[in-house]
Amino acid sequence: NYFATGAKEVNVTNLPTAPAAASYTFKKATSGIMMIGDGMSAVHFAAAVDTGVIKEFVADTLPNQAFCTTASYSVLHSGKAYTDSAASATALSSGYKTVNGYLGVDNKKKEKQNIRELAHSTGAKTAVVTTDKITGATPGGFLYHYPDRDATTQLQKQHDELVKAGKVNYTYGTATNNKASLVPYTQEAFSIIAAENSPFFIMIEEAYIDKNSHNNDLTKTTASVKNYDQVIAYCIAYTMIRGDVMLVITADHDCGNLSQKANGDYVYNSDNHTNKNVPVFALGDGAAELINKSVIDNTDIPKAFAKIFGSTDFGS
């Protein structure tokens, strides 16, 4: 669907024209794709399947699956009930737990290198793509260093400086379109950062699973899961065609504490985040090493990506 007509972002010269069983071995990973469904638990995508919005959640077909903890420094040390997206994005990007509201700094406000910066330092091209605004908390964890997720002016200044200096090669964000598809922007990103099979790192976020769950709007939430599912399908196909990519699909935290009643209906039990574990799926070289037990920590994920870019002591 995405590549057979001649994609600019990956070489499809030898792409099969008909389905056929084949042996397959991933190449050594040179690049990484991290995907974040903001606010998504396993129940969210189960609801999307059970209500007929999607036939299957395509990530759930992958061989490497586990659950992931989400607790922030504020949860572990300050009695907060749950993480926010800033602290969880910082954990997923840097390998450090931090205070709710902090971006790219630890609990003492010390800047910590994120995985996108590490990739850039090795010569890889990088991108951040989101349906949130580009200064939002989740993309912010992969772009900025500031102890206040709401300091939009300061964050935008950092963004502009990164772009001007060529320290990030592609960014896309929008907070205006609840139905925005991430696929064309991900394709555009890959055409820039992955030309001629060059090494890259990209973070892709679907933000509206969280936003709609805060509003307890199940119809819009499952539509957002569908949007996430579509870009996941694209990234799985890309990973299989290219072969030297590690793909990790996860969430930053749960939102809404969605559950299924005895009669089959899905209901929200909260209008905020919870501390429940979230699903994580992986594909490619390094995936089985990352998902080596039933529950991993969110800080394990950037450490796995860091190995691709030559660091074995990344994070805390």
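**Exercise 1. Locate alanine 194 in this predicted model and decide whether it is buried or exposed.**

*Solution.* Alanine 194 lies in the loop that connects α7 (183-193) with β5 (200-206), and the model in which it is placed is a predicted one. The next step is its accessibility. Residues under 20% relative accessible area count as buried. Alanine 194 has a relative accessibility of 1%, so it is buried. Its contacts, leaving aside neighbours within four places in sequence, are Glu9, Phe200, Tyr238 and Arg242. As for proline 139, 55 residues away along the chain, its C-alpha atom and that of alanine 194 are separated by 20 Å.

**Exercise 2. Determine how α7 and helix α9 are oriented to each other, and which residues meet.**

*Solution.* Two packed helices are described by the angle and the distance between their axes. For α7 and helix α9 (residues 218-242), the axes come within 9 Å and cross at roughly 30°. Angles under 35 degrees count as roughly parallel. The two helices, α7 and α9, are therefore roughly parallel to each other. On the α7 side, the residues that meet α9 are Val183, Thr186, Gln187 and Phe190. Their counterparts in α9 are Gln230, Val231, Tyr234, Cys235 and Tyr238. Sorted by class, this contact has 6 nonpolar and 3 polar residues, with no charged ones.

**Exercise 3. State the strand order of the open sheet and name its edge strands.**

*Solution.* The open sheet has 8 strands, with mixed pairing, in the order β4-β3-β5-β1-β6-β11-β2-β12. Its edge strands are β4 (170-172) and β12 (295-297), each of which pairs on one side only. From one strand to the next, the twist averages 20°. Strands of a sheet pair through backbone hydrogen bonds, either parallel or antiparallel. A parallel case is the pair of strand β1 (residues 31-37) and β5, joined by 6 bridges. Within this sheet, glycine 37 has glutamate 206 in β5 as its bridge partner.

**Exercise 4. Describe the surroundings of strand β11: which strands pair with it, and how are its faces covered?**

*Solution.* Begin with the partners. Strand β2 (residues 64-69) pairs with β11 in the antiparallel sense over 5 bridges, and cysteine 68 stands opposite valine 278 in β11. Strand β6 (residues 245-250) also pairs with β11 in the antiparallel sense, over 3 bridges. Here valine 248 stands opposite alanine 282 in β11. Next, consider the faces. On one side Val278, Val280 and Ala282 are buried, and on the other Pro279, Phe281 and Leu283 are buried, which leaves both faces covered. In total, 6 of the 6 residues of β11 (residues 278-283) are buried.

**Exercise 5. Find the helix that holds glutamine 158, and list the residues it touches.**

*Solution.* Glutamine 158 belongs to helix α6 (residues 152-164). With a relative accessible area of 14%, glutamine 158 is buried. Not counting residues up to four places away in sequence, it touches Tyr144, His145 and Tyr146.

Definitions and conventions:
Residues are numbered from 1 along each chain as its sequence is written. This is a predicted model: local features need pLDDT of at least 70, side-chain atom pairs count only at pLDDT 80 or more; totals for chains, interfaces and linings use all residues. Side-chain values use heavy atoms; hydrogens and water are left out. Buried means under 20% relative accessible area, exposed over 50%, partly exposed in between (1.4 Å probe, protein chains only). Helices (H or I, at least four residues) and strands (E, at least two) are DSSP runs, numbered from the N terminus. Two strands pair if DSSP finds at least two bridges between them. Contact means heavy atoms within 4.5 Å. Axes are lines fitted to C-alpha atoms, for helices over the stretch in contact, and angles run from 0 to 180 degrees between N-to-C directions. Angles under 35 degrees count as roughly parallel, over 145 as roughly antiparallel, 65 to 115 as roughly perpendicular and the rest as oblique. Ala, Val, Leu, Ile, Met, Phe, Trp, Tyr, Cys and Pro count as nonpolar, Asp, Glu, Lys and Arg as charged, and the others, Gly among them, as polar.
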